Protein chains: 2
Amino acid sequence: MQPKLKGVTVAVIGGDARYLVLIDELIASEARVNVVGMPVTSSVKGVTLYDNLEGCLVGVQAVILPILGIDEKGLLHCVLSEQKYTMTEEIMSQLPKGTFVFTGLASFLLKQMTSRMELRLIELMSLDEVAILNAIPSAEGVVQMAMELLPVTIHGSSVIVLGFGRTGKTLARLLGAMGAKTKVVARKPADLARVTEMNLVPVAFNNMLDCLGEAEVIFNTIPARVLTEEALCRVSHDTIIIDLASDPGGTDFQAAERLGIKAVLTPSLPGRVAPKTAGRILAQPIVRLLSEKTASN
Amino acid sequence: MQPKLKGVTVAVIGGDARYLVLIDELIASEARVNVVGMPVTSSVKGVTLYDNLEGCLVGVQAVILPILGIDEKGLLHCVLSEQKYTMTEEIMSQLPKGTFVFTGLASFLLKQMTSRMELRLIELMSLDEVAILNAIPSAEGVVQMAMELLPVTIHGSSVIVLGFGRTGKTLARLLGAMGAKTKVVARKPADLARVTEMNLVPVAFNNMLDCLGEAEVIFNTIPARVLTEEALCRVSHDTIIIDLASDPGGTDFQAAERLGIKAVLTPSLPGRVAPKTAGRILAQPIVRLLSEKTASN
């Protein structure tokens, strides 16, 4: 990454293993980084450690909150720290108007606070440039999971991907490239056309039930209850269902258990399976937005 | 699989999880199967269980020994049984001349015994049709291993495959398809041309040392000491070396440890990562050879 952030100070508050990579990337761009709630040593040039939020926020041009941000009581989600930190309106009020506040997805409270103080809230996970790239570690993580669960190779196996959003697209492409017989269930005619163009097999959503019986693995990416009890009755007992849709997934897990079908809901994968890649993905828009702002000053 | 083996009786002696699949495939082809040294229930139609080798071999047209066959003392490699069985020349002598004896790779003793009795020894692992297909679970297993060890995705990572034999070819193709920046080190000009044709980056063996420093993962498939101490000195400390070449591999593991480079030698992967696929791969030539023989009788 180019050194674009000379003279910029960024507060990084809490976060998971991805944020350790993110801090490295900010330092590589010559930003100074104030850190609280993370196991970082102050011996790294450019890093200053704080034990309280107030000090950490002094003089910063941007604040990076954890991916899960703050909860409805202001508690920060610091998974790598035993100390608990609570963000209050008073602490936040020391930031100048227009200061960037980055998080993954914002709670209602955070949206309210930042809007009232005219701070510039960026929800990283809702940026296309992040979500598209995050689909790569998600897809690889879920393929790794399938490899662990399956007694057959991905190559030559029959798989179905439900949904053709950002994750569905990347997962279907990866499975096809690895040699799986890949069907994709989608609603939109344009998506079905794209599936055909990718040399995979398109299945219109209305015909989904007819194809479920042949699959060795069903990957669901649709965040709505699509694998209902009726649908699960069509699924073979050897089939494995891996549900990537955000919690609670799109599978009737209780019905699956009753029917003796193995179905798992994946946790958020990018930070787990490839923290370094996932950290770089987060760093990219942050460095871009801050360097654009610096350049325009 | 077509029912081609009506009237044929096959003895299956010991073996690992693959052999359970192999037995299913033989039964699906309508063979009768005599089993010893495996956890199979006699309730399966067509299967007869024995507790001794002599009984198991009566009236069979083929004997399937474990992949590792018999050792130099005649001991059978039965990993799924606590009972030990020893094959002797006397037991073997009850087989008519020309009876098929299948194993993975044969010990000197087994070669001697079968040759003296004019039995038809087939080493499955040396058949091209087996080795080419076995490269698929091997390559997937090693990619799964890389996914577990790497903090980055395979997509976008820099990888080197040393060697372009059956395993090297399949592994390089898989890595390229998954989006890794894939270099392949080979000696033969024709292999380097094939690497280019596959849209991967060819590196002549003599130039190997120059490219080792850039790799996030180095996969070795060459069964000779290629990753010497001199070579390992060029490798970065973050690089992971996965050695697939048969034991003892092609890496100076002691030098790697001294240099602080993570290097692992993989066990034989097909039976571990995809026993069902691997079992079917073994069944194919056995069923083919037996049905050809039956047809010619």
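This short talk covers selected helices, strands and domains of chains A and B in a predicted model.

First, the conventions. Residues are numbered from 1 along each chain as its sequence is written, and chains are lettered from A in the order in which they are written. Because the model is predicted, local features need pLDDT of at least 70, side-chain atom pairs count only at pLDDT 80 or more, and totals for chains, interfaces and linings use all residues; side-chain values use heavy atoms, without hydrogens or water.

Let me begin with the domains of chain A. Domain 1 comprises 9-126 + 274-296 and domain 2 comprises 133-266; these bounds come from an automatic or database domain assignment. Their C-alpha centres lie 35 Å apart.

I turn now to the sheet. Six strands of chain A form an open sheet with parallel pairing, in the order β3-β2-β1-β4-β5-β6. Strands are DSSP runs of E, at least two residues, and helices are runs of H or I, at least four, numbered from the N terminus. Two strands pair if DSSP finds at least two bridges between them. At the edges are β3 (47-49) and β6 (120-123) of chain A, each pairing on one side only. Strands β4 (residues 62-64) and β5 (residues 100-103) of chain A run parallel and are joined by three bridges; Ala62(A) stands opposite Phe100(A) in β5(A). Helix α12 (residues 275-296) of chain A packs on the sheet, touching β1 (9-13), β4, β5 and β6 of chain A, where contact means heavy atoms within 4.5 Å.

Next, helix α7 (residues 189-197) of chain A. Its buried residues are Asp191(A), Leu192(A) and Val195(A); buried means under 20% relative accessible area and exposed over 50%, with partly exposed in between (1.4 Å probe, protein chains only). These residues lie on the same side of α7(A), because they cover an arc of only 100° around the axis, taken from the directions from the helix axis to the C-beta atoms. Pro189(A), Ala190(A) and Glu197(A), on the other side, are exposed. The buried residues of α7(A) pack against β8 (181-186) and β9 (201-204) of chain A. Just after α7(A), Asn199(A) takes a positive phi of about 70°.

Finally, chain B. Which residues of strand β11 (residues 240-243) of chain B are buried on each side? Ile240(B) and Ile242(B) are buried on one side, Ile241(B) and Asp243(B) on the other. Strand β11(B) pairs in the parallel sense with β10 (residues 217-220) of chain B over four bridges, and Phe219(B) has Ile242(B) as its bridge partner.

Terms used. Axes are lines fitted to C-alpha atoms, for helices over the stretch in contact, and angles run from 0 to 180 degrees between N-to-C directions.
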